[in-house]
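Please look over the sequence and the model before reading on.

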2 protein chains.
Amino acid sequence: MQDRYAIKGNIIFTKTPERFEVLENGYLVVEGKFVKGIYRSLPNEFRKIKIIDYENAIIIPGFVDLHSHAPQFPNLGLGLDKELMNWLQTYTFPEEFKYSNSSYAKKVYSAFIKELWRFGTTRACVFSTLHKNTTKLLMDLFAESGLSAYVGKVNMDRNSPEYLIETTKASIKDTIEILEEYSNKYELVKPIITPRFVPSCTFQLLKGLGNLAQKYDVPVQSHLCENYDEISFVKKLHPDYKNYSSIYNDARLFGDVPTIMAHCVLVDEDEIELMSRKKVFVAHCSNSNYNLSSGIAPIRSFITRGISVGLGSDISGGHSLSMMNVIVNAAQASNIKWLEKGRADKPLSISELFYLATKGGGKFFGKVGSFEEGYEFDALIIDDSSLYAFKPLSIEERLKKFIYIGDDRNIKVRYAAGKKIEEPRCY
Amino acid sequence: MQDRYAIKGNIIFTKTPERFEVLENGYLVVEGKFVKGIYRSLPNEFRKIKIIDYENAIIIPGFVDLHSHAPQFPNLGLGLDKELMNWLQTYTFPEEFKYSNSSYAKKVYSAFIKELWRFGTTRACVFSTLHKNTTKLLMDLFAESGLSAYVGKVNMDRNSPEYLIETTKASIKDTIEILEEYSNKYELVKPIITPRFVPSCTFQLLKGLGNLAQKYDVPVQSHLCENYDEISFVKKLHPDYKNYSSIYNDARLFGDVPTIMAHCVLVDEDEIELMSRKKVFVAHCSNSNYNLSSGIAPIRSFITRGISVGLGSDISGGHSLSMMNVIVNAAQASNIKWLEKGRADKPLSISELFYLATKGGGKFFGKVGSFEEGYEFDALIIDDSSLYAFKPLSIEERLKKFIYIGDDRNIKVRYAAGKKIEEPRCY
């Protein structure tokens, strides 16, 4: 029998996007790394297990960040005055260059992981750089922290600065090395195939990566239709393809294995159809899409078409690792999208956005982001007593207040896969 | 000779919107409540004055919040799922009703002021409710805090719930009482004429208030063209007027005295012309305009036309009292506006937005929001050492990081009108 314990408090989560499930002053039983169940009163069979009483605190699933760039952490809040392609050249590539240096990488990556922890993100899909060794380092640091992540060595063999480019052959070789070494090294930290995006990958490289994804059965993450200039450039590079998505698809990088495409701001109808059919995940990164003047992704259309969506911080295009901030930003974006579309496609509700930030993105990790039986137990204990309440608030209202005006100070305890996660070490 | 002292640190502010003025490791001399000057090294004439050395900290002007509703503070982060008119009926009016109760008002208002302080807002234009006594209380609490504010008793004599409406006569009478009692009571806290908006004020009331504004020479604040349904309603109420602004204008509430109009999301060309000619201030509240699905105000057009603009938190339509948050949100809004307009009207830069949040809004208070000679000395001492910097950053970059990823924890000291402001008391 695996270790069991119960936690007690005000449990709230989203089984479905439409509404919050609330259990006031209830029990959640954990067995090993899984949720066993939630109970109004503790069943007899559990009467001898340890109970951790969080009293009046709110208990929510840990947040899932479906898209971020660890090496861009030093640029957080800087360089947000350009669109994507110039932004990459001016601010991002020069920073990513530095990650050939392990001691620099260790400093930044450990701080990045600590910040994820601070804001209650228990699962993350992360881009590193093209550098093999510091990508491994990032995975080791994640494993040390206890947080769960997919980490991708970035592949880029064209249209990139001389100081940040690899040959097609080296790109494939280094990727294989990581897949061989890391696919089974850790339970909670896994490699993911990560072509940067079509503009910086030859088709030969994309095809090679598609083959690796099949061979090693590992997932894929990349960028799709983020910004106007990027799409124009892709069209120029591949005039024979009818759209951006079909290039990835032709390389077997579009849903042949579980796939996340970040942004999808400007996808066309055919692409939406393909995303839906191939079960491609969308990482919605509205902060970044605002900051780099990309636009607002049509998330309601995606959801209506049955496409899986999660939320991403996309630092440092996005400026905040806080998924509370990301939820609020996405709520605002969906209001404006609704106006843009002449009041079609109703705005996303907070329960829908909370779902995207937990169970929606969590689906990419398996059974993650909910307190249903059999889900991995990722949780945050929220003490909202510092947030003014001048009247009795429901648990749902308290959660909304936390999302809109709370911050890391309100997160008292974090759990990932059944274990309490202490503050990660900063090197 | 008035009291003089100097503070030392990394001084940064905006004299003009286009760029930051930076004085690294410089001196700022304060004389009474005014800035005497900034100096690379301390001139001989000041060699005997007290120097407060803030070492590596950044010194910026205090923030100016040009539009907020103190009684809506308890609703912060709640009820953001409706557009303006339904939002008022469902969430806002029932809360504002409570401010007939002085002890409730004292609790909320003192917490509201403490939060302004916490986030570094040293000047605020604030709506209370229609209640005379608790409006006075709010002014007294502001005076006690040392922060500076214009506070307006709200006027509303039609189209409002039975529990939150006044007669035209009582509305005028109570306003006069406050003007008589408070116009000269405090140096830093002043009354301001505050018709809620056209839908809730008869024209007779508006005209009466216009007369009071003239007679007592006090400024005016109200709302203008915030949301689509609101404007439709105003058109129905006043079919003879060519637009919303002309109703205020006809009542002498549109720039005949200094006037702030909040929102101005949907003003037409004639209205922009009138706003420009009558020197009406715009309080730009993008957070609120996002949250209530109102749209994005054409701020670049306003600025190009010479209209004065400041930023407003507009709580609780806006969800954050942090002017750092408001700046970031307004930056994102201006990026999307730029896209909406087919890449016309270039986005607002961070120096422009910082200017709006300090000197731009500060202009409504006189010489406020800058460190030029003769400006009232409002300042924040920013310790950004908790914000990761992995490379040497310029003072301007450090300020940007603070705005994008810092919070109240980074604000170590606040000054308003020459005086250090301690944490206000919470009742």
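UniProt positions are given in the numbering used here, feature names are shortened, and annotations may be inferred rather than shown by experiment. With that in mind, the unreviewed UniProt entry lists residues 58–419 of chain A as "domain: Amidohydrolase-related". Over that span chain A is 42% helix and 16% strand. Its end C-alpha atoms lie 18 Å apart. Helices (H or I, at least four residues) and strands (E, at least two) are DSSP runs, numbered from the N terminus.

The model is predicted: local features need pLDDT of at least 70, side-chain atom pairs count only at pLDDT 80 or more, and totals for chains, interfaces and linings use all residues. Residues are numbered from 1 along each chain as its sequence is written, chains are lettered from A and ligands numbered from 1 in the order in which they are written, and side-chain values use heavy atoms, without hydrogens or water.

**Sheet in chain B**

Chain B holds an open sheet of four strands, ordered E11-E12-E13-E14, with parallel pairing. Two strands pair if DSSP finds at least two bridges between them. Strands E11 (220–224) and E14 (309–311) of chain B are the edges, each pairing on one side only. From one strand to the next, the twist averages 30°. Axes here are lines fitted to C-alpha atoms, for helices over the stretch in contact; angles run from 0 to 180 degrees between N-to-C directions.

Three bridges join strand E12 (residues 259–263) and strand E13 (residues 281–284) of chain B in the parallel sense. B:Ala262 has B:Ala283 in E13(B) as its bridge partner. Helix H12 (residues 350–362) of chain B packs on the sheet and touches E13 and E14 of chain B. Its direction makes about 105° with that of E14(B). Contact means heavy atoms within 4.5 Å.

**Interface of chains A and B**

| Item, chain B with chain A | Value |
|---|---|
| Residues in contact | 48 residues from chain B, 48 residues from chain A |
| Buried area | about 4,000 Å² |
| Salt bridges | eight salt bridges |
| Polar contacts | 24 residue pairs |

Buried area is the accessible area (1.4 Å probe) that two parts lose on being put together, summed over both. Carbon and sulfur atoms give 57% of it. In chain B, B:Gln332, B:Tyr388 and B:Phe390 lose the most area to chain A, together 18% of what that side buries.

A salt bridge puts a side-chain nitrogen of Lys or Arg within 4 Å of a carboxyl oxygen of Asp or Glu. A:Arg343 and B:Glu83 form one, at 2.8 Å, N to O.

Definitions and conventions: Polar contact = N/O pair within 3.5 Å; in protein donor to acceptor, adjacent residues only side chain to side chain.
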